[in-house]
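Please keep the sequence and the structure in view while reading.

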Amino acid sequence: QVQLVESGGGSVQAGGSLRLSCAVSEYSYSTYCMAWFRQAPGKDREGVAVMSPGGAKYYADSVKGRFTISQDNAKNTLYLQMNSLKPEDTAMYYCAADRPTSCSSSRRMEPWAYIRWGQGTQVTVSS
C-alpha cells in the first residue's frame, strides 16, 4: 500500500511562498493519480491540484497561476509550489493518491475519489 507523508507547511505573510512536499513510499508512484487537497476550518475538503500518471496537470480556479504541482521521480516526491499566497489559502493541506481512473474529469477534484491520504501539513497565511 502506498504511504504518503507531507511536509513543508508553515506560517507566511500574504504574498509569500511555500513549497509542500509529499514523500511517496512506492517506487511505482508515477502510475498513480496524485493530488493535493486542502481543508479550512469549518469547510469541506477541496481539490487544489492534480497530476496524472502521464504528467497532465489540473488546478482549481482559485489557485491557477499561483500554484504549481510537480514531481521528482528520483526522490519519489510530489511537490506543490505555492506563490502569491493569500489569507484564504490558509488550510490543512493533504496529499492523496489513487488509481489512474481517479484523474478523470468527473473525479479528480473530488475527495471521495482517493483512497490513500497523508496526515496533512498546516499552511497559515496572515494578512
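The sections below describe a predicted model, beginning with a strand and ending with a loop position.

## Strand β8 and its burial

Strand β8, which spans residues 77-82, is mostly covered, with five of its six residues counted as buried.

## Pairing partners of β8

On one side of the pairing pattern is strand β3, made up of residues 18-24, which runs antiparallel to β8 and is joined to it by six bridges. Within this pairing, L20 is the residue that stands opposite L80 of β8.

Strand β7, covering residues 67-72, likewise runs antiparallel to β8, and six bridges join these two strands. Here the residue that stands opposite L80 in β8 is I69, so that L80 has L20 as its counterpart in the other pairing.

## The β7–β8 hairpin

Strands β7 and β8 form a hairpin with four residues between them, and in this hairpin N76 adopts a positive phi near 50°.

## Q119 in its loop

Q119 lies in the loop that connects β10 (116-117) with β11 (121-126).

When residues up to four places away in sequence are left aside, Q119 touches L4, V5, E6 and Y94.

Definitions and conventions: Residues are numbered from 1 along each chain as its sequence is written. This is a predicted model: local features need pLDDT of at least 70, side-chain atom pairs count only at pLDDT 80 or more; totals for chains, interfaces and linings use all residues. Side-chain values use heavy atoms; hydrogens and water are left out. Buried means under 20% relative accessible area, exposed over 50%, partly exposed in between (1.4 Å probe, protein chains only). Two strands pair if DSSP finds at least two bridges between them. Contact means heavy atoms within 4.5 Å.
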